[in-house]
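Have a look at it first.

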Amino acid sequence: MSEDASLLSLLKQYFGFTSFRPLQEEIIRDSMAGRDVLALLPTGGGKSLCFQLPALLRSGLTVVVSPLISLMKDQVDALQAGGVAATFLNSSLDQQQLQARSRDLQQGRYRLLYVAPERLMLPAFLAGLRRLEVGRIVIDEAHCISEWGHDFRKEYRQLAELRRHFPGAAIMALTATATERVRADIIQYLQLRDPAVHVGSFNRTNLTYRVAPKSNPYGQLLAFLRERPSESGIVYCQSRRAAEYVAERLGRDGVQARPYHAGLPAEERSRHQDLFSRDEVPVICATIAFGMGIDKPNVRFVIHYDLPKSIENYYQETGRAGRDGLPSECLLFFSRADPVKYERFIDETEDPREREIAREQLEQMVRFAESGECRRRPLLSYFGEAYEPENCANCDNCLSPRSTFDGTALARKFLQALRQVREKSGFSVGVAHVADVLAGGNTEKVRRWGHDGLAAYASGNDRSRAEWVEIGRELVQRGLLRRDPERFNVLEPTGEGRAVLAGGPSVTLTVPAPVSSARAPQALVDCDEALFDRLRALRKRLADGRGVPAFVIFSDVALRQMSRDYPGSESEFLRISGVGEKKRQEFAALFLGEIAAHLRANPRRTFPPEPAVRPSLNDSQRDTVQRFQAGEAMENIAGARCLARSTILGHLVAAAEAGERVDVSRLLGAGQRQEIERAFAGLGTQNLTGVYEHLGERFDYALLRLCRAARGVTATAAAAASPAARDARTTAYLPRSPASAPAPA
């Protein structure tokens, strides 16, 4: 069997999938070739599979450095449920358990070992590990090694010694968030040798981003949660006190919630996280201490009760939502008073450089919250990724663009008031004070500084103070004013602002967004909801009986696919995404029985096929296809890009399946193409394994997939035409399934 077939066969057998997510295959191939790898994939992008699958195909032990005990256990539980020999060693085990697992390791019974960095770097542990055949070392959450990352951990710096202890082992570093500077630190400190660097898109297309003006935050939060009684989510709070207050008040109002922060006893924190992971408690109210240890894929919302400290924190925390790929919501409550709290802490920081960095990060976050442009643009730009579309159709500013108006007169009035204050007192002030002057506020500072005698005083009392504050913020955002962070964010007019004040260009302002907690429109997966609830209850009973989180049994995606396709046999059950061989053996009878019982009492529903969603190409794939379309030979492209021929062929397959023009005649003769065409015509486009075997295994799977895509008959088209291949259809959020499992797709 070819390596392509082995990869796809094991992918289905152990993990229940029939195709790779973007960049997974390239990362896996580089790892299997023995290269060091740095991979940045978004949360939910499938980082774990990038080292779990090679561990099954290559000899030697794969050591996975993971920062949190709960994360280790969840991942090992999921691997064991799929039939993978994996274990962990950490402080949650007693001495007898540690000794038993150590003996099994020495006897080669495990393919993967999860361990915390502190334990890994103990001299005695390293000595024992060196006696084993360690083939690969994986550093999960690798951004923790950099002081420029959002979660620097000193214990990660010790990992720099791994190269000396295991010079022959390949190292893979994985993270979901890392700027250019953090990536450079990871490569430097881990001493990665000529690493293959893979950077996936940071765009989480299934997440809806919204910012709501904070007026009555608890009331807004409660209204949001009451509209989603059966959904699970995280509420991030700035302080421990706020996390406890919100959780307690929600409990009194009938919403089950628990607090989570570093000040709670470890046992209580662990219990609260366990209740959340096992769907016993739907809402966790947490500080930033709650994050990396969450492997729960069906978090349907993340709410920021307070402003995050940086774009990176915000992206990391919202990334906990929708890891299963289903639609999920990210809501931020924003008040201009929020950054003032952080500024006090920043001012107390002794290191001037740290103060400068913290202020810039906070200012970026404020600009994001106040912006009227697509939310994805500044988010992705922070990580060096350009977002080209004008409208993402999945954030508040794109779903409900704010109205604009000619605000030239208001802008000049604000700028004039600021100038009068400066002329009167000899110093500048912030947005709030200018708003007080314009609205005619009777504040202590206005009276003390004599600003109630200015011509501008009360000249804008036809508008509220809050409206003037919004206008001032937008003038900053549009570049007419700038804040001076070194002087308590006082305002200074820019050159453009002075030009407007002198009668220059007009100024367009936006109407402030209304306060709302309403659900944003979402493309929901169409399925039999009554059956989904029934299968979810069965899943929970099974998970509780095994002492594992529900997602270890099956994901929501798998249950929704079952509730859409109504599998009636084990072969049909095996086509469900996430069903591998071991889960078929363990769970097929139970879930098929539940589906049959539901159909005896309820009519079978039919669902129209949804339009196929063609995958987009990443930068590496697009580079390959552009070279190929320009006439370069595949071997030359591989040599120029230092990639394997199979990787280049995989890029061409991805391009053809995405609708790009790929001239197959440059790779196969006319007779070969006709032979493959006849095989597809006789055996069906979905029976890739049958075609492969019928042709005497002379053409590898990638070439067959390329021919199938190039001939214009995709798996989705075949599914729409053939009821027998119904399970192959592609929906917006459900993955493809083959008609003949475990054949590759």
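Q: Where is the place of His 651?
A: Helices here are DSSP runs of H or I of at least four residues, strands are E runs of at least two, and both are numbered from the N terminus. His 651 sits in helix 31, residues 645–657. Keep in mind that this is a predicted model, where local features need pLDDT of at least 70, side-chain atom pairs count only at pLDDT 80 or more, and totals for chains, interfaces and linings use all residues. Residues are numbered from 1 along each chain as its sequence is written, and side-chain values use heavy atoms, leaving out hydrogens and water.

Q: Is His 651 buried or exposed?
A: Buried means under 20% relative accessible area, exposed over 50%, partly exposed in between (1.4 Å probe, protein chains only). His 651 has 1%, so it counts as buried.

Q: Which residues is His 651 in contact with, leaving aside neighbours within four places in sequence?
A: Contact means heavy atoms within 4.5 Å. For His 651 the partners are Glu 26, Ser 620, Gln 621, Thr 624, Arg 641 and Leu 643. Glu 26 is 625 residues away in sequence, yet its C-alpha lies 9.2 Å from that of His 651.

Q: How do strands pair, and in what order do the 7 strands go?
A: Strands of a sheet pair through backbone hydrogen bonds, either parallel or antiparallel. Two strands count as paired if DSSP finds at least two bridges between them. Here 7 strands make an open sheet, ordered 3-4-2-5-6-1-7, with parallel pairing. Strand 3 (86–89) and strand 7 (196–199) are the edges, each pairing on one side only.
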